[in-house]
Amino acid sequence: MTDLAWWQSAVFYQIYPRSFADGNGDGFGDFPGMIDRLDYLQDLGIDAVWLSPHYPSPDVDCGYDVADYTAVDPRHGTMDDCLRFIEEAHRRKIRVLFDFVMNHTSDQHPWFRSSRSSPTDPKRDWYVWHPGKNGGPPNNWYSTFGGPAWTFDETTREYYYHFFFAAQPDLNWHNPEVRAAMWDSVRFWLDHGIDGYRVDAIGTVFEEPGLPDHDSPLAQRELLEMWIEARRSGREVNEILSREWKRMFRHQHDRPGIHDLMKELRSVVDEYPHAVLVAETDDIDYHGEGDEFHLVFNFPLMNVGDLTADHVRRNQSQRLADLGDAWPCNTLNNHDAGRVRTRFGDGSNDEAIARVAAALLTTLKGTPFLYNGEEIGMEDLLVDDAGLFRDNLSTWVYRSSLDLGLDETEATRLAAFRGRDKCRTPLQWGPGPNAGFSPKGATTWLPVHPNHREGVNVADQVDDPASMLSWYRRLLAARRSSSDLVAGNYVSLGTDPDVVRFRRGSTLVALNLSPRTQPIPLEQPRIVRLGSHRTEGIAIDTEVRLAPFEVLVAV
Ligand code: NOJ
């Protein structure tokens, strides 16, 4: 194991800061709260955390609209709190990654305020401005969060470009001053001791030169209609939607120049030899020749309705072949995707399926990323009052659905489902008021899931050896102590429709994804290393009957 870099053997844990722990009782997570919970994370057995943005932000996109890259949003605490967090994490041997949002800033960032003030402002060219065409915007491009990608700015009577919300103007990365200023902010936190970055939305940094129209025959509203129709009839339309989405946005995504820029970012980060870069993309080209990102997420693994054995096998065989020498990186949920337990649950075996999914994530080859709350089996919460939406994507879907003639209840339900509030609710620390996230009487920034009263909370699980939390701790401990599970090659075994079976090095992993008993052959007698249904250390013969949803790791 010794020849692996730290980020290859580490287990990462994503903290969504506003929802993790509220130290000052204002309903919003903060650094003092996070510091108090570092012992919990250490006990869980993780090695590194990635924090979603903690920077000052007007919060049009829950912090992904940054108004100052080198400061701390006062709602999260002070700079001292933040530095203390880094120090305290390091004291517990937990590395710290921050989020680098490079495609855009907030429209409240001083750079954009300056840029929009006059066509001759020194920062004018720091953003993407255009006088427009034929009395309208320069082209027919959309913002991925709804509506046109160009917003007309009254002050200078020109349009600015934004791939995301209008309050998230795209930076002009062709401008060397932008690059220099952004690289300085990258260095700022590395100089303060962090261990790397998860880099946001890299694919959207450049646009097609000449700004040609997209040629999709569909309007964005029609894509939304297709999605609504599919939801209503229970059909999966992911493929069509993602194909059409790609066509509609093809001039706004992965444009030439991006790989050179990522190499430049890498060379800045390489000034800090321990630091790691993780890309928010599944495109393995972003490994470059080993000179861009260290890790690129295997999103295709998680982007399915059902976690089937076939899907896992196909995903692994393709991904590992494509990756070549690059190191895999797996995750099953994050702050944008719904929670594992809700997405992969079948309504009657949700907990059991979530346990098998956790075993899969932590035994596959590659660096696993957990998302805060999955370790206690947190579920999505569909907010049923549009007035409580905090994700403006939900608000856009809600308004558009009303425009399309849906009634209030259905519009709210679909918007809550499509938006991301559902998987961002406060972490459930206990069964009491506000799930112990905030004190009694505080109003949390999003509602807490009521199932915190039914055992889905840390306090009820921490000392229960049969709990989900204990299961995660066992999985992470098993992984940590097994060079096979960290570094061993992956060899797929069998083609059973319900069982995922593979070897990591000489260790066998068998996961029954079905509610039925499944016989599996073993090539040799083995010893249970970790089992959901069998005692560690007992011998097993060459014929094994896996219980429903059984996890078996054997040496
Ligand atoms: C990806 C982030 O994960 C998401 O939450 C955000 O809305 C967009 N990038 C824009 O920054």
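**The ligand's shell and the nonpolar cores**

The shell of residues around the ligand splits into seven charged, three nonpolar and two polar ones; here Asp, Glu, Lys and Arg count as charged, Ala, Val, Leu, Ile, Met, Phe, Trp, Tyr, Cys and Pro as nonpolar, and the others, Gly among them, as polar. The model is a predicted one, where local features need pLDDT of at least 70 and side-chain atom pairs count only at pLDDT 80 or more, while totals for chains, interfaces and linings use all residues. Numbering runs from 1 along each chain as its sequence is written, and side-chain values use heavy atoms, with hydrogens and water left out.

Who sits in that shell? The residues around the ligand are D61, Y64, H104, F145, F164, R198, D200, E280, H335, D336, R420 and R424. Oxygen atoms of the ligand pair up with side-chain N or O atoms at 2.7 Å for D200 and 2.8 Å for H335. For R420, a polar side-chain atom lies 2.9 Å from a ligand oxygen. On its own the ligand exposes 300 Å², and the protein buries 97% of that (Shrake-Rupley method, 1.4 Å probe).

Now for the nonpolar cores, which are sets of buried (under 20% relative accessible area, 1.4 Å probe, protein chains only) Ala, Val, Leu, Ile, Met, Phe, Trp, Tyr and Cys residues joined through side-chain atoms within 4.5 Å. The largest has 126 residues, and Y13, L41, M102, W173, Y197 and L265 touch the most other members. Helix α14 (residues 350–363) supplies the largest share of this core, eight residues. Another core, of 33 residues, lies apart from it and includes V128, Y142, A386 and A415.

Technical notes: Near = heavy atom within 4 Å. Polar contact = N/O pair within 3.5 Å; in protein donor to acceptor, adjacent residues only side chain to side chain. Buried < 20%, exposed > 50% of the residue type's maximum accessible area, 1.4 Å probe, protein only. Helix = DSSP H or I, 4+ residues; strand = E, 2+ residues; numbered from the N terminus.
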